[in-house]
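Work through the exercises below with the sequence and the model open. Try each task before reading its solution.

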Amino acid sequence: MAAAALTISCKQTSITPQNALTVNDERINEIISTMTLEEKVEMLHSKTIMSSAGIERLGIQDIRYADGPFGIREELGDGFRPLGWNTDSATYFPTGSALAATWSEEIAYLYGTGMGREARFRGKDIILGPAINIQRIPTGGRSYEYLSEDPFLSARLTVGYTKGAQDAGTAVCLKHFAVNNQELNRSWVNAVVDERTLREIYLKPFQAGVEEGGAMAVMTAYNKVNGEYCSENAHLNNEILRGEWGFKGLTVSDWGGTHSTMGAALGGLDVQMTGDNYLGPALIDSVRNGAVDERVVDDKVREILRVRFAVEAVPDDVANRKLTSQPEQQRIAYEVAKKSIVLLKNEDNILPLKGKRIAVIGPCIDLKTAQGGVGAGVKTPYEITVIRGLADGEHSIVCSTDDPAVAEGADVVVFVGGTNREVESEGRDRQDIFLPEGQESLLEAVHGINPNIVAVILSGGPCDLRNVNRLSKAVVQGWWNGMEGGHAMADVLYGRISPSGKLPFTFPVKLEDSPAYALGNYPQLAPEGVDFFAMMFRHDRKESRGEAAVWTPEAHYTEGQYVGYRWYDTREVPVLYAFGHGLSYVGFEYSDLKATLCKETIELNFNISNTGGMAADEVAQVYVHRKDSSVEWPVKELKGFKRVTIDAGSTAKVRVSIPLSDLRYWDVESNDWVLEPGEIELLVGSASDDIRLSAVLAIN
């Protein structure tokens, strides 16, 4: 017999982070009452490529946007042309997947404060980030921007980033809302996803960013969700975002992602970026002829002004007085980078590289990733590459990008491979996940000369590392790790610090094992080279907007909630490196798990001992397995984690709390969140495939 379900209401309480935006509503309403319709509508579309209008007559400043999520982009003119300023070089922070590999809400908060402060230096009001879409496919062109395949990990990092940036005085704009999980066909694709999967997987990071983080802005995605473009999707924008989550801020379209006047006006969009062909004169006409109530326009202006009054405008004579990138933010970039590096393999303890003659070989030894490809980049004052970081260390080094002969006579060969900003780029997905440019052949040649190889992989998303794993004694995932990435990598390789990153997504054995590929849900065929953003803003692309608009492919999310490790674990598909995997230079022993069911939370207490000879960080992970459930679930789901620093030979007491509300599922029949009673098994370990402790509790 199926267990009775406990229904938990999703109604908002009176005290939420979003309510802070409403403190000026009385004043705002007075302002709106004095405005003409033309003045109101002038606020609902772009003024420049990176601003929307204030009310000059009333002394209300324009809203200025900062692109993008991992560094404040240089000043731009029309067509995204750099203006060539001397003060707009900004800190290049590690990209999203690197931040996610830290598995730390506290580090994400620090990251956000750095971004928020530099936005203030530049006079910006809203950061177009964080980018928090779920990494559904290994080939995703923007995997480097996004956080994780897991909604819980993504949600916690989103909250940290959001709070950090907004505490520093700059609003965030969560993007891309929602279900923007591929770049292929992103401008037209219709994501067909069931409501439970939508709620539990793809909306969770956005919900946390809004409800807990208090995000002030949300960017709608290019794509459609269940038949409606995101910029005019009333279910997403009005019913869920504003209705259920209580969002009080502004929504802005992705650049070029608005499609109609009536759809956008009634479907929950506040600001059209860019242009005024929809939320401009056409909207004025729609109000004049009675098709749109002027109160709809008033609501949009109110939401914009809430953000404008919550974020102090930076006067022009104060902004851009000094270089954007400052030492304090550069130190944050280093802190994130050093805690993100993942040690995937360390055979024979070949790492660290103490007292060894080193040869450094590979096409990525001097790779820079701050700029390139399509999409946001960072004009940064410097970028420490791997070879620069290693050369600043304690050994003499021989190096080459492509000559395997330099491996001869070395104690250890550091092979540096990976992708680049042309391979992983906004506007297109990768066709495969193999290492490009003949890297595997070069590695084979190096191995034939010297098999003592440490492979360092610099990429935003996962790569096929089967041959790398076979040919290397150690494998290190180094990400696109910001301006201080080379220093961080050197500190890990030389053993000054122990690696402590954990994978935020699964590395499959082969691409075809991943769920969307295995089920034939991706890719969808497309007209050659069609992309909305590229058509509008890239001058080397000449397609007409209309030629692709008549073609709407569908991306069917039939894998449902089985994304990433949920798929591999439940279907028992072998992986190369599991979600949450990451080794250390020390050993960690887990012990003494105690799990207690409190009124609204599950409290877990356990010990972790560092059995090595140096201080090191460990990320303890807590997964939940449902026993004898009448509801369909993956075999396990991440529901808690904790990064702790433990001195050599010491033991740390670790506590992880799991709100019972995080164990709910979306019941499509009651259209609400439901907590199913029954037994659950709590699995505590160092990775999704490395469970050390377990306990069973009954949820009544």
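Two strands pair if DSSP finds at least two bridges between them. Strands (E, at least two residues) and helices (H or I, at least four) are DSSP runs, numbered from the N terminus. The model is predicted: local features need pLDDT of at least 70, side-chain atom pairs count only at pLDDT 80 or more, and totals for chains, interfaces and linings use all residues. Residues are numbered from 1 along each chain as its sequence is written, and side-chain values use heavy atoms, with hydrogens and water left out.

**Exercise 1. A covered strand**

Task: Decide which residues cover the two faces of strand β15 (residues 358–361), and trace the partners of β15.

Solution: 
- Step 1. In a regular strand the side chains alternate between the two faces of the sheet.
- Step 2. In β15, I358 and V360 lie on one side, A359 and I361 on the other. All four are buried. Buried means under 20% relative accessible area, exposed over 50%, and partly exposed in between (1.4 Å probe, protein chains only).
- Step 3. Four bridges link β15 to strand β16 (residues 397–400), in parallel. Here V360 stands opposite C399.
- Step 4. β15 also pairs with strand β17 (residues 412–418), again parallel and over four bridges. A359 has V413 of β17 as its bridge partner.

**Exercise 2. Nonpolar cores**

Task: Which members of the largest nonpolar core touch the most other members?

Solution: 
- Step 1. A nonpolar core is a set of buried Ala, Val, Leu, Ile, Met, Phe, Trp, Tyr and Cys residues joined through side-chain atoms within 4.5 Å.
- Step 2. The largest core has 65 residues, and F177, L236 and L638 touch the most other members.
- Step 3. A second, separate core holds 44 residues, including A217, L269, V297 and V307.
- Step 4. Back to L638: leaving out residues up to four places away in sequence, its contacts (heavy atoms within 4.5 Å) include W103, F152, Y565 and F579.

**Exercise 3. Salt bridges**

Solution: 
- Step 1. A salt bridge is a side-chain nitrogen of Lys or Arg within 4 Å of a carboxyl oxygen of Asp or Glu. The whole structure has 46.
- Step 2. E294 meets K40 at 2.8 Å, N to O. E294 lies in helix α11 (residues 294–310) and K40 in helix α2 (residues 37–42), so the pair ties together parts that are 254 residues apart in sequence.
- Step 3. K40 is buried, at 4% relative accessible area, whereas E294 is partly exposed, at 29%.
- Step 4. R466 bridges to D464, with the closest N and O atoms 2.6 Å apart. D464 is buried at 3%; R466 is partly exposed at 34%.
- Step 5. Shared partners join R142, E145, E183, R186 and E426 into one salt-bridge network.
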